[in-house]
Amino acid sequence: MENKISAKETLRSSAKFNRPATAVVTGASSGFGAAIAQALARDFGYDLILTGRREDRLETLAAELQETYGIQVHCKAFDIRDRSAVEAAFSGIDRQLRHPLRILVNNAGLAAGLSTIDEGNIDDWDVMIDTNLKGLLYVTRTLLPSIKGSGNGHIVNIGSTAGKNMYRNGNVYAATKSAVDALNQAMRIDLLPYGIKVTAVHPGAAETEFSLVRFKGDAERAKAVYEGFTPLAAEDVAQTVAYCLSLPDHVCINDLVITCTTQANSFYNVKAADLKQS
Ligand SMILES: NC(=O)c1ccc[n+]([C@@H]2O[C@H](COP(=O)([O-])OP(=O)(O)OC[C@H]3O[C@@H](n4cnc5c(N)ncnc54)[C@H](OP(=O)(O)O)[C@@H]3O)[C@@H](O)[C@H]2O)c1
């Protein structure tokens, strides 16, 4: 009970944006998406629509956020690669909501495998293209009528430093994230007349389930990716997204790269052992 009251007080004191709204966060069952959902509930008190395939995780997070912040949370479990499932999940969505659907965070995505182009697994390529690119498009196209109708929409696309600089073995993953970068710019232009903000956030190395997924459950290989330096945490990215969403109506961050302090881009990341003292 005490917890509940203090959480609500925190919400009241830190609310940066008091206009009631609903936000959709894709890929909210883990990593950045789950942390972004937490931040939007905590800092803004937004109602939420959480998506992902692992329904049990979405339901657990939804229950926690509803209980702590008194918001309404809808869970939509579907595979983002399935166009008809995306359309069905959001069919008649506006009638289910208390507040206008104003915010979309396109976060769901993954890397599958790590190999040179000549040795690439074509099934992995299909999964990445279908999820990171086509899935993002399906959700965006399906929700745009609602976002346009809200009057002051904001779409945040989660790209990657991989989309800014290609790296060895990263080929198709990097290409999908370059495409997210390109689409972000295109959306910004096309949606200008509707007053919709469009923001890309491109994180560098962050410790989530990302590497576990990339290496298909090989926990040791996934852990090794983050050895010798302090990577971003999901909460770092969530706070950055929340900051972009907190700005006044006339201000839009179009493109933002965030890395941990030791990383400059996809190639250069100084391990702690190599840091110079002076
Ligand atoms: N971690 C990093 O180093 C890093 C850096 C830059 C960019 N990114 C990007 O950040 C985003 C989030 O990644 P993360 O690091 O938070 O990884 P994560 O912990 O593995 O989370 C990925 C999320 O995407 C969802 N997802 C994946 N495939 C899906 C599908 N077919 N249908 C529906 N949902 C799907 C997952 O949900 P289900 O499995 O429940 O479906 C999960 O919620 C991704 O776009 C990733 O490319 C990550």
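Buried means under 20% relative accessible area, exposed means over 50%, and partly exposed lies in between (1.4 Å probe, protein chains only). The views show a predicted model, in which local features need pLDDT of at least 70 and side-chain atom pairs count only at pLDDT 80 or more, whereas totals for chains, interfaces and linings use all residues. Residues are numbered from 1 along each chain as its sequence is written, and side-chain values use heavy atoms, with hydrogens and water left out.

**View 1. The shell of residues around the ligand.**

View 2. A polar side-chain atom of Ser30 lies 2.5 Å from an oxygen atom of the ligand. A backbone N or O atom of Gly27 lies 3.0 Å from an oxygen atom of the ligand, and for a backbone N or O atom of Ala206 the distance to a ligand oxygen atom is 3.0 Å. Taken alone, the ligand exposes 870 Å², of which the protein buries 96% (accessible areas from the Shrake-Rupley method with a 1.4 Å probe).

**View 3. The salt bridge between Arg19 and Asp249.** In this salt bridge (a side-chain nitrogen of Lys or Arg within 4 Å of a carboxyl oxygen of Asp or Glu), the closest N and O atoms of Arg19 and Asp249 are 3.0 Å apart. Arg19 lies in the loop between helix H1 (2–14) and strand E1 (22–25) and Asp249 in the loop between helix H10 (234–246) and strand E7 (255–258), so the pair ties together parts that are 230 residues apart in sequence. Arg19 is partly exposed, at 37% relative accessible area, and Asp249 is partly exposed at 47%.

**View 4. The salt bridge between Lys216 and Asp124.** The side chains of Lys216 and Asp124 meet at 2.6 Å, N to O. Lys216 is exposed, with a relative accessible area of 53%, whereas Asp124, at 11%, counts as buried.

Note on methods. A polar contact is a pair of N or O atoms within 3.5 Å; within protein, one must be able to donate a hydrogen and the other to accept it, and residues adjacent in sequence count only if both atoms are side-chain atoms. Helices (H or I, at least four residues) and strands (E, at least two) are DSSP runs, numbered from the N terminus.
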